[in-house]
Amino acid sequence: MPRRTGYAVLAALAAVVVLVSTAIFIGLGGDKDGSDPRAQGARGSAAPASAGAWVGTWSTSAAAAEPRALRGGPSGMSIRNVVHTSIGGTSTRIQLSNFYSSRPLTITHASVALAAAPSNPTAAAGTMRRLTFNNRTWVTIPPGKAAASDPVRLAVPDAADLLVTTYTPQASGSVTYHPHARQTSYMARGDRTEDTAGSAYTQQSPYWRYLTGVDVWSKQAEGAVAVLGDSITDGITSTAGANHRWTDFLSERLRSEPGAPRFGVLNQGISGNRVLSDGTQFPPNNPSGLSRFDRDVLSRTGVKAVIIELGVNDILRIPHQTDPNRIVWGLKRLTEQAHARGLRVIGATLTPFYGHRGYTPRLDAVREQVNTQIRAGRVFDEVVDFDKALRDPISPLRLRPMFDSGDHLHPSDDGYRAMARALNLDHLRGRTAAEL
């Protein structure tokens, strides 16, 4: 083939690849991955870090419809969510969700910026960016769906606070939210979406509303680790605004320890979450680990590893699950779902709760039996022994006092740090699923 002809063929093939990649969308609004921030392709692309790839830097799980907003939701309000990145990048995009409304959600204005100071609604100078959705400044998200923004150029640092602001001019039904953010966000009357000053944001909120994901374009990241968990992963007793959940301490290790994999950390904890049972409303609030695994783990951008910390609430919450084999069965099903995507799973032992109001010897025996099977290698590819990391060596049925938040179930900040230290970082690098 003449050289000039060969070049023409190669150019034509490259054009076809670009055209095909720009046509691939997952969900409403175009969740986009590609070879650079302007290209588009399948979510969770396995492009090597040296070439650049989209990877999740922050996410949260939609837990329920906000109780006080069931009638119509906020109208004429700007919501400025404050979120903390795990890894940085040169561009960013967001995901908005309308999972818990029976009505379409219309966002007419959205923006992203770096916070001028931690937990502060004021934007850092020169960082405010207007967001678009399929090149429009507005988006309407049908009930039960999500939308991703177009990418914007923004230098996002590691471990930084981002301000993600949305404006809804009219009530759009129930608000999809995450109630235990352990982070103060803000609200303002009117369209203050691109205000750099935070003075209009006089209302404070302990929730994250609508926002469920933030991705960055990175040439350094190897991928992300998604953590499926309950209130212990949600960090319900961690110091508010300090980013002291155990997943935050894990992110710190991944950034600072020599040889650690360069992963984003995606916290998919929901307080009260169980392996087997959903909540009571429809669509289910607090959906079970089994029912939300695809939504909250497998669909996240760039996931390369999965950590599962679930099972205590199946035992403690009414109706109590007293058959350890049922809980183990559910945990195995989660592992199988991950294996179907070629992902290895690190699973956690169930932590002590002696002294908690729900404790009984019978329920604790169920926990111990589940842990026996987990430690025997019958459930997950790898094990992180949170029970061993947190229990009192003198009285192993209870949390070590310095790791106890005071309710005898949830860890303190020191306890969350101990959990992050207990994880073998080499286990995150597994490429193929083990035979269980």
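Ser91 in strand S4 (residues 89-97) has Arg153 of strand S10 as its bridge partner. This is a predicted model, in which local features need pLDDT of at least 70 and side-chain atom pairs count only at pLDDT 80 or more, while totals for chains, interfaces and linings use all residues. Numbering starts from 1 along each chain as its sequence is written, and side-chain values use heavy atoms, leaving out hydrogens and water.

**Strand S4 and its partners**

- S10 (residues 152-156) runs antiparallel to S4, and 3 bridges join them; strands here are DSSP E runs of at least two residues and helices are H or I runs of at least four, numbered from the N terminus.
- Two strands count as paired if DSSP finds at least two bridges between them.
- With strand S16 (residues 211-218), S4 pairs in the antiparallel sense over 5 bridges, and Gln95 has Gly213 as its bridge partner there.
- Strand S9 (residues 146-148) also pairs with S4 in the antiparallel sense, over 3 bridges; here Ser97 stands opposite Ala146.
- S4 is largely enclosed by the rest of the structure, because 8 of its 9 residues are buried (under 20% relative accessible area, with a 1.4 Å probe and protein chains only).

**Helices H6 and H7**

- The axes of H6 (residues 324-340) and H7 (residues 361-375) come within 9 Å and cross at roughly 45°; axes are lines fitted to C-alpha atoms over the stretch in contact, with angles running from 0 to 180 degrees between N-to-C directions.
- Pro324, Asn325, Ile327, Val328 and Leu331 in H6 meet Val366, Gln369, Val370, Gln373 and Ile374 in H7, where contact means heavy atoms within 4.5 Å.

How values were computed: Buried < 20%, exposed > 50% of the residue type's maximum accessible area, 1.4 Å probe, protein only.
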